[in-house]
Number of protein chains: 2
Amino acid sequence: MKDRSAEIGAPGPTLRRLALYHHILVRLRQGGREVVSCTRIGQELRLDPTQVRKDIEATGIVGKARIGYDMEPLIASIEEFLGWDNVTEAFLVGAGALGTALMGYEGFQASRLSIVAAFDKDPEKVGRSVHGKEILPLSKFQDLARRMNVHMGIVTVPAASAQEVAAMMVQGGIRAIWNFSPIRLETPEEVIVEDVRLSSSLALLSGRLTRRLRKEREEGAIDDDGNEAGSKAGL
Amino acid sequence: MKDRSAEIGAPGPTLRRLALYHHILVRLRQGGREVVSCTRIGQELRLDPTQVRKDIEATGIVGKARIGYDMEPLIASIEEFLGWDNVTEAFLVGAGALGTALMGYEGFQASRLSIVAAFDKDPEKVGRSVHGKEILPLSKFQDLARRMNVHMGIVTVPAASAQEVAAMMVQGGIRAIWNFSPIRLETPEEVIVEDVRLSSSLALLSGRLTRRLRKEREEGAIDDDGNEAGSKAGL
DNA sequence: TAGATTGTTAATCGATTAACAATC
DNA sequence: TAGATTGTTAATCGATTAACAATC
């Protein structure tokens, strides 16, 4: 009865891990490997083999007991499940540092993401070309998105304009938004939003680092004449 | 007895959300607001107020029943908890598209992250300057990191060299690594690693988008002479 | 055959959400 | 005072991990 509507097909953590498996499998295939077990994949990523199995099961493929999975069908199955079997075309809005980087990023080959156009509201930027693609004015977004049947939008504008850009994307028929801004986008439920929150990621890292360093400083400061009192037996 | 060692102070989700709260609070403060309740923060982010309260509680601050929290101490408390009360200096390795973008990224002001130097192994890049900072050769990393007491490293090199770079960082005394490569870094347990997996994030988005579009196409294809049979009452 | 691995069900774990007394 | 909100404990939920039969 409950339909969160975000949960299509598989839970988020599974989708995310499948991308990691894919990366490893492609590497193993290059090394000439033709079969692979969940145990093996789990070793590479330090994940529980049962978890790997469940994730792979979600893609619908069946393996062979005692052997594992045939490499080619497994990779194909993951690619189909992630939509990486065909090119996904996307429009990017916000040709700043981050947007420009994404346009030139080499890491999207596996996913076959193709950023086919970039838009910016800054007249200074419009007309310039980034990684071989001309930056277009925002006014052309909606018409082009519909005509070219582009369903994915990438938001790399500052927080202040992100909501406005998202609304425009929805108007242009965009169905999935990759959001690099730090705000929560309000969108109709038929639109899928995935947030990349760099500041949250950094918060985790800096929060833990700070606490660790503070703690060590405190421990080291018990004795203040150079002896590091709090440290465990030196390794 | 169990010490996962990653769980210092607060669970990951809490740290991540605190960054979101911080962003909203700063905005509300700019608007002149002097107190704020968890209910209010929750509304902005569509989060359960109880969850917001628990997260805030983790920072150690106490509020006032019926009122909420005083804005200034609350922001200060979050900043202290995340280590955002002081500048964190970081070294970045890999001056490609992504690395360059991070160096010029405007979104790090709140966290007071300062990327003080960038390194690259490509002699072509070494010596050039990016956003006002000269790119240095990898060979200088360890010595500089120790001399300047830099504890955070940012990895924006391709997968193939990421492990090698991480090892070098550890050797240079780096204690926290922000990893943008798609591989799992092997590091001693005193090093904190936070992965930003763009391909996993994209997998989630493209996987769901693909399944949704495929499903709609199937539904729409029941009747193939132009009537969109599967669609719900048009809005 | 022996044993590693799949497929699947059950138990555990941790995070989220609900409930409610205390309070200003 | 009334009622919104904090602080805190209990219940729920979903994801991870463990257990184990089937199998090649």
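**Exercise 1.** Is L47(B) buried, partly exposed or exposed, and at what relative accessibility?

*Solution.* Step 1: recall the classes. A residue is buried under 20% relative accessible area, exposed over 50% and partly exposed in between, with a 1.4 Å probe and protein chains only. Step 2: apply them. L47(B) has 23% relative accessibility, so this residue counts as partly exposed. L47(B) sits in the loop between α2 (38-45) and α3 (49-58) of chain B; helices (H or I, at least four residues) and strands (E, at least two) are DSSP runs, numbered from the N terminus. Step 4: list its contacts, where contact means heavy atoms within 4.5 Å. Apart from neighbours within four places in sequence, L47(B) is in contact with R17(B), Y21(B), G42(B) and V52(B).

*Conventions.* This is a predicted model, in which local features need pLDDT of at least 70 and side-chain atom pairs count only at pLDDT 80 or more, while totals for chains, interfaces and linings use all residues. Residues are numbered from 1 along each chain as its sequence is written, chains are lettered from A and ligands numbered from 1 in the order in which they are written, and side-chain values use heavy atoms, with hydrogens and water left out.

**Exercise 2.** Find the residues of α5(B) that are buried, and say what this implies for the helix.

*Solution.* Step 1: name them. The buried residues in α5(B) are L98(B), G99(B), A101(B), L102(B), M103(B) and G104(B). Step 2: conclude. Helix α5 of chain B (residues 97-104) has six of its eight residues buried, so this helix is largely enclosed by the rest of the structure.

**Exercise 3.** Describe the interface between chain A and chain B.

*Solution.* Step 1: count residues. In chain A, 70 residues are in contact with 70 residues of chain B. Step 2: give the area, meaning the accessible area (1.4 Å probe) that two parts lose on being put together, summed over both. The two chains bury about 6400 Å² between them, with 63% of it on carbon and sulfur atoms. L205(A), R208(A) and R212(A) supply 12% of the area that chain A buries against chain B, more than any other three residues. Step 3: count salt bridges, each a side-chain nitrogen of Lys or Arg within 4 Å of a carboxyl oxygen of Asp or Glu. There are eight salt bridges between chain A and chain B. One of them joins the side chains of E80(A) and R214(B), at 3.8 Å, N to O.

**Exercise 4.** Work out how chain A and chain B are related.

*Solution.* Step 1: superpose the copies by least squares on the C-alpha atoms of residues with pLDDT of at least 70 in both. Step 3: of the residues of chain A, A101(A) comes closest to the rotation axis, at 2.9 Å (C-alpha).
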